Amino acid sequence: MTQTSSKIVTARQEILERIVAAARGAGRAPEAITLIAVSKQQSDDRIAAMVATGQLVFGENRVQEAQAHWQDRKNQMPDLKLHLIGPLQTNKALDAVKLFDVIETLDRPKLAAALAKAMDKAGRQIDCFVQVNTGEEPQKAGLSPQEVDGFVADLRQTYDIEPKGLMCIPPVGEEPAMHFALLRKIAQRNGITNLSMGMSHDFETAIAFGATHVRVGTALFGPRG
Ligand SMILES: *Cc1c(COP(=O)(O)O)cnc(C)c1O
């Protein structure tokens, strides 16, 4: 085994163990939590090493970069699942629907319309999560908390999209727990089951607050770039 692969095997093992411990600590079943390995800006070597560990679920934040790393791999390994965790432009909706299995960043009616149309055209239904800007940061994508209920109703009625989950990225430097709690509360009142929350530095807290999907990049792969 190369040094890169043994590092990645160890890192993944460690994160999986921490997920199990956090789940048990919260009285939850570890199987209820999916680890999304965030491979954005990682080298193809590291990605290959991670795939070789048996990791099947990955996250990318750009459509083009994801196509380069994942199109061939997904054709060869149909079990691989890819989540889009970065902003999506409507003109890339069709490409995204063809490649990704989950879009976690649905946050506006125009994008809902584009995704509904793209799914029709591609003959492929994929899961959508609604992104919530829990910290109401102006530079960040996502709906503000008070907009979510109306948007979810609109998704169901107008676009025939049943949102499978909610996603958030808490503000840097703030205690993430209150954001995770808020996301869970919004999901509960809207009858939405999945919560994508928690990254390298706070996934254990997210699990304590009900995360079903944690998005871990640097703690698995090492620094990006
Ligand atoms: C990059 C990114 C992650 C992973 O962040 P790490 O700190 O490397 O774990 C998770 N979620 C989103 C939306 C990201 O853009």
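Guide: A residue is near a molecule if one of its heavy atoms lies within 4 Å of it. Here the residues around the ligand are Val38, Lys40, Ile85, Ile169, Met199, Ser200, Arg215, Val216, Gly217, Thr218 and Arg224. This is a predicted model: local features need pLDDT of at least 70, side-chain atom pairs count only at pLDDT 80 or more, and totals for chains, interfaces and linings use all residues. Numbering runs from 1 along each chain as its sequence is written, and side-chain values use heavy atoms, without hydrogens and water.

Visitor: How do the residues of the shell around the ligand divide?

Guide: Ala, Val, Leu, Ile, Met, Phe, Trp, Tyr, Cys and Pro count as nonpolar, Asp, Glu, Lys and Arg as charged, and the others, Gly among them, as polar. This shell has five nonpolar, three polar and three charged residues.

Visitor: Which polar side-chain atom lies 2.8 Å from a nitrogen atom of the ligand?

Guide: A polar contact is a pair of N or O atoms within 3.5 Å. Arg215 supplies that side-chain atom. Arg224 also uses a polar side-chain atom, 2.8 Å from a ligand oxygen. Gly217 places a backbone N or O atom 2.8 Å from an oxygen atom of the ligand.

Visitor: How much of the ligand's accessible area does the protein cover?

Guide: Accessible areas come from the Shrake-Rupley method with a 1.4 Å probe. On its own the ligand has 390 Å² of accessible area, and the protein covers 90% of that.

Methods:
A polar contact is a pair of N or O atoms within 3.5 Å; within protein, one must be able to donate a hydrogen and the other to accept it, and residues adjacent in sequence count only if both atoms are side-chain atoms.
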